[in-house]
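Q: Could we go through some local features of this model together?
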Amino acid sequence: MQTIAGKEYHWGMISLPWRQGAPLILVVDDERTIREMLRQEMEREGYRTLMATNGAEALELCQKNLPDMVLLDAVMPTLDGFRCCAEIRRWPGCEDLPVLMITSLDDEESVTEAFSVGATDYIIKPSKQIHWGVLRQRVRRLLQAYAAMRELHQRSAQERKLTQITAQVRRSLDLATILRTTVGEVQELLQVEQVAICEFPPLGEPRFTVESPSLGWPSILHAPLRVPQDHSGERHTLDWLVQVRDGDEVTGDSWYGELIQRLGMQAFLAVPVVLGERLWGLLTAHQYSTPRAWSPHEVNMLQQLTMQLASAIQQAQLYQQLEAANGELQRLAAFDGLTQVPNRRRFDEYLVQEWQRLAQEQGALSLILADIDFFKSYNDTYGHVAGDECLRRVAQTIHQVVSYTKGLVARYGGEEFGVILPETPLAPAMTVAEQIRLRVAQLRIPHQHSPVHGYVTLSLGVSSLLPNSEAAPAALVAAADQALYQAKQQGRNCVVPY
């Protein structure tokens with residue numbers, strides 16, 4: 001009980017989770033005396049009130065500020081209580097709003113009509129006298145029932161939303177998408193100002209990596225979570241479930257207290273995300289502008305969600321590992337194990353790809369075929385181990401020259417290499433071929449039984465065509481092969497165009 005302006009008020013009425021402050025009751029009666037008596041009694045019980053003199057005025061007040069209960073007279077001018085109640089029941093969200101009719105009508109027909117238009121309860125005021133004790137209990141119980149019904153509806157809606165979020169999270173295999181979906185959907189689920197995820201890497205500082213739209217509140221993205229040193233060894237065992245409401249005392253000594261004080265939060269909730277026995281991170285919700293309490297149901301929902309989130313994260317991580325392994329297999333399948341340049345399979349794929357592209361874009365495509373001169377003799381003289389090393393050095397040298405172009409170097413077969421040069425006419429291709437020949441000669445790899453030089457040399461054939469849909473890439477290969485044959489006929493260690 002509290003005394004205000006000399007009057008005693010009882011503040012023991014129920015609280016409504018959706019209402020900041022005392023419940024709001026609309027009193028509707030055309031008789032001023034009854035209206036004032038009802039207002040005073042409700043305010044004495046601690047409720048806030050609005051007053052209307054008829055049904056039309058009541059509807060107008062309801063539209064401006066929807067009450068938590070309506071005390072409604074039946075017989076009034078302009079719009080009576082029956083029609084007013086029926087109209088309220090047609091409004092979205094007012095299906096369960098308590099409407100308590102207080103009237104002198106005590107005939108069965110009036111009572112039946114009251115309930116048929118949607119009245120929640122009905123009190124008869126014989127000779128305009130109201131039994132205040134009965135009224136107080138009816139108001140309290142109707143508000144309690146209304147609160148329970150709204151909570152039930154809210155929980156049902158939240159459970160459906162949680163099911164939808166879980167399905168969305170489990171549907172994706174992309175970790176970034178999973179985390180973005182989680183924070184956005186949880187923000188909507190809790191109707192909170194910000195939701196974020198803080199990741200705890202095996203090494204390094206915990207850091208917020210994902211956040212929902214901040215809507216004007218401080219961004220927490222990439223902010224570190226400053227965990228005290230005495231907690232650094234407890235990441236696997238510490239209970240990280242934290243609930244802080246407005247009014248809860250926090251100190252900067254705790255990891256969450258420091259964060260709350262630094263960002264000016266009024267309410268904070270953190271739920272751990274655990275993979276196996278390791279703390280992977282935290283799912284956090286923040287309220288900045290107004291007080292916020294976290295119901296046990298909300299905390300339980302987030303705990304359920306983090307379990308599903310942990311499974312989705314593990315699934316995404318496994319998928320990433322599988323993708324990386326598949327990528328490595330594809331890379332290995334496309335590369336020559338000895339020389340570490342693309343193999344003949346990749347050469348053929350790339351040639352067809354560029355032929356088709358340049359046929360549409362009407363660009364030139366050139367090809368260089370290079371052959372190590374008298375390589376069989378080199379192997380016979382120095383052995384296959386030295387021969388393998390020679391192939392590696394030549395391949396890497398060609399790759400270094402071509403790396404400044406858009407071209408692809410591949411081991412074409414044995415001691416032969418192919419260089420595909422997209423968007424390159426014959427003259428620039430000839431320049432690249434000559435640079436390759438000179439760079440390989442500069443390696444000065446001894447080849448004492450070579451008839452043309454004391455070091456390893458190359459013969460190169462170059463061809464260039466404008467691809468079109470009526471021809472095939474084989475024409476380009478055949479032309480380069482013919483030019484290579486001519487280079488060998490001309491004494492080797494030279495570049496010959498087709």
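This is a predicted model: local features need pLDDT of at least 70, side-chain atom pairs count only at pLDDT 80 or more; totals for chains, interfaces and linings use all residues.

A: Residues are numbered from 1 along each chain as its sequence is written, and side-chain values use heavy atoms, with hydrogens and water left out.

Q: At what angle do the axes of α2 and α3 cross?
A: The axes of helix α2 (residues 55-64) and helix α3 (residues 81-90) cross at roughly 25 degrees and come within 9 Å. Helices here are DSSP runs (H or I, at least four residues) and strands likewise (E, at least two), numbered from the N terminus. The two helices α2 and α3 are therefore roughly parallel to each other (angles under 35 degrees).

Q: Which residues of α2 and α3 meet?
A: From α2, Gly55, Ala58, Leu59 and Cys62 meet Cys84, Glu87 and Ile88 of α3, where contact means heavy atoms within 4.5 Å. The residues of this contact comprise five nonpolar, one polar and one charged.

Q: New topic: where does Thr78 lie?
A: Thr78 lies in the loop between β5 (69-72) and α3. Its phi is positive, about 70 degrees, although Thr78 is not a glycine. Most residues other than glycine have a negative phi.

Q: Is Thr78 buried or exposed?
A: Thr78 is exposed, with a relative accessible area of 62% (exposed means over 50%, with a 1.4 Å probe and protein chains only).

Q: And what is phi of Asn493?
A: Phi of Asn493 is near 50 degrees, a positive value in a residue other than glycine. Asn493 lies in the loop between α13 (473-489) and β17 (495-497).

Notes
Axes are lines fitted to C-alpha atoms, for helices over the stretch in contact, and angles run from 0 to 180 degrees between N-to-C directions. Angles under 35 degrees count as roughly parallel, over 145 as roughly antiparallel, 65 to 115 as roughly perpendicular and the rest as oblique. Ala, Val, Leu, Ile, Met, Phe, Trp, Tyr, Cys and Pro count as nonpolar, Asp, Glu, Lys and Arg as charged, and the others, Gly among them, as polar. Buried means under 20% relative accessible area, exposed over 50%, partly exposed in between (1.4 Å probe, protein chains only).
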